[in-house]
Every structure is written in structure tokens, then in C-alpha cells.
Amino acid sequence: MKLNYRKLGSGSPLFILHGVFGSSDNWQTLGKEFAEYYTVYLIDQRNHGNSPHSSEMSYEAMVSDLQKLMDNEGLNTIDILGHSMGGKTAMNFAVTFPERIEKLIVVDIAPIYYPPHHQQIFEGFHSIDLQRIESRKEADQQMAKKVKEFGVRQFILKNLTRNEENQFAWKINLQAIEQNIETLGSGLTEGQTFDKKTLFIGGSKSDYIQQKDHQTIQNHFPQARIRMVEGAGHWVHAEKPEELKTLVLAFLQQ
């Protein structure tokens, strides 16, 4: 699969991976700032953004996608940053191809199993009758019956586009994501390790990285540092971009 990506800046390569239901657009602002120091690859993972759709939606497949992208770009090694599902992809890539990663940054996710917990968001997607809506405002009004939080609706509705017939459609492969959501929650298995410099960044108001997960992180990533951003929830890069930028650059530039 040939992933869609945008390439910014110059310097050593930094891959940035978004979370589930997201796209490379989520990291555009920070990506431009990192591009002052690095060649930044803002990547749409499979079934997201403008990347191709496939019924296969596993970390093994997403790791393979990244390997092919690296090979096509002639890159031997990269630094990699991933948020949420993107963090899981980055972790899986690091333990599979440790020789191809210089430094690993994982944002608000741990290498553990997370049970499916996106039911409200799926209900939000399904609440919209794509055949009948005539505007984004109408889509938001329909979704508001299922998803009360305005910010979450705005995040989901970034996936709304118009197809070649000028009808509303979803950019993401909703069916594939929904069918494989259990797989996307999977953690690393015992013995999978990456013994190079690693940074985990969590939001203090998020429950994705808890104190009880720290030992599991160290077991898989012996050189890992864990930093929590005060006042941030799960979308650390959107809620506290300056704090995240400072942590990332200090880690990469050591």
C-alpha cells in the first residue's frame, strides 16, 4: 500500500503518525514547527485521510506500510512520533525493525491492551444520513444527538468530504476500522523490546497512561522516559502544543 503523506522541511527524517479517526492534518501546525529542524513526514495511515482503503487493519499491516514508505524514500533510519493508534504503530515498528529507528516518541498510549471504548464515536458516525444532509452544519446537528462534546464532533467531522458525484462521504474506511477495533486495542507481547532512546508523553487528565502502566513500559522500552503534560487530556498535541513541542525537541536534540 502506498500511503499518502506530506513532506516538510529539511534535515534528518521524522515520521509523524496520527491516531484512530484522525489524519495527517491533525499534526500540520506542529509539523511545520518541527520542519524547521527536520524533514517531517506527515502520514495518513491506511484507511485514514487520503491513504488507500483496505479491509486489513492491523499493526502488522501498518508496520509494513511504513517499511515500504521508508524504502521508497531511500531512508535507512528515522525518528518516529506517534499519537494513540499512531503510537501503537510506532511501537510495533520499533520492536519489529529496531535497526531502522533512531529515537521513538509515543504520545498518550501505553503498550497494553485497551478494550474497545469508541462506541459513542461510532454511533456519531452512523447517526448521519450521508444521502440526505446538505451541509456540514446539518451533519453536526444530527451527530449532536449522539455526541454531546462539540470538540469531539469537530474532530470526527474533519473526516467528512464530498465524492466525485459531489455527495457527502467519509474519508476514512469506517467499516474496516469498526470491524478491527478490537485489534487496534492490542498491546505488545512479552519479549518484544526496543532498547534505544524512547520518550512517552502523556496527558495528566487522560487515563491512557496510568502509574500502573509504567513498569510495562519499562519492560518493553528499557531506556524509556515518561513525561506527563499538566492539564492535557488525550489530545496532548491539540491541547498543549507548546509543551509537547518543547518536550519533543529537547528529546530529539540531545
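**Exercises on a predicted model**

The charged end of Lys103 lies over the ring of Phe251, 5.2 Å from its centre; a charge counts as over a ring if NZ of Lys or CZ of Arg is within 6 Å of the ring centre and within 35 degrees of the ring normal. The model is predicted, so local features need pLDDT of at least 70 and side-chain atom pairs pLDDT 80 or more, while totals for chains, interfaces and linings use all residues. Residues are numbered from 1 along each chain as its sequence is written, and side-chain values use heavy atoms, with hydrogens and water left out.

**Exercise 1.** Determine which residues of helix 11 are buried and how they are arranged about the axis.

*Solution.* Helices (H or I, at least four residues) and strands (E, at least two) are DSSP runs, numbered from the N terminus. Buried means under 20% relative accessible area, exposed over 50%, and partly exposed in between, with a 1.4 Å probe and protein chains only. In helix 11 the buried residues are Leu244, Lys245, Val248, Leu249, Phe251 and Leu252. Viewed down the axis of helix 11, these buried residues fall within an arc of 160°, so they line one face of the helix; the arc is that of the directions from the helix axis to the C-beta atoms.

**Exercise 2.** Classify the ring pair of Tyr114 and Tyr208, and state which parts of the chain the pair ties together.

*Solution.* Rings of Phe, Tyr and Trp (its six-membered ring) pair if their centres lie within 6.5 Å; planes under 30 degrees apart count as stacked, over 60 as edge-to-face and the rest as tilted. The structure holds 10 aromatic pairs. For Tyr114 and Tyr208 the centres are 5.4 Å apart and the planes stand at 35°, so the pair is tilted. Tyr114 belongs to the loop between strand 5 (101-107) and helix 4 (119-126), and Tyr208 to the loop between strand 8 (198-203) and helix 9 (214-220), so the pair ties together parts that are 94 residues apart in sequence. Both Tyr114 and Tyr208 are buried.
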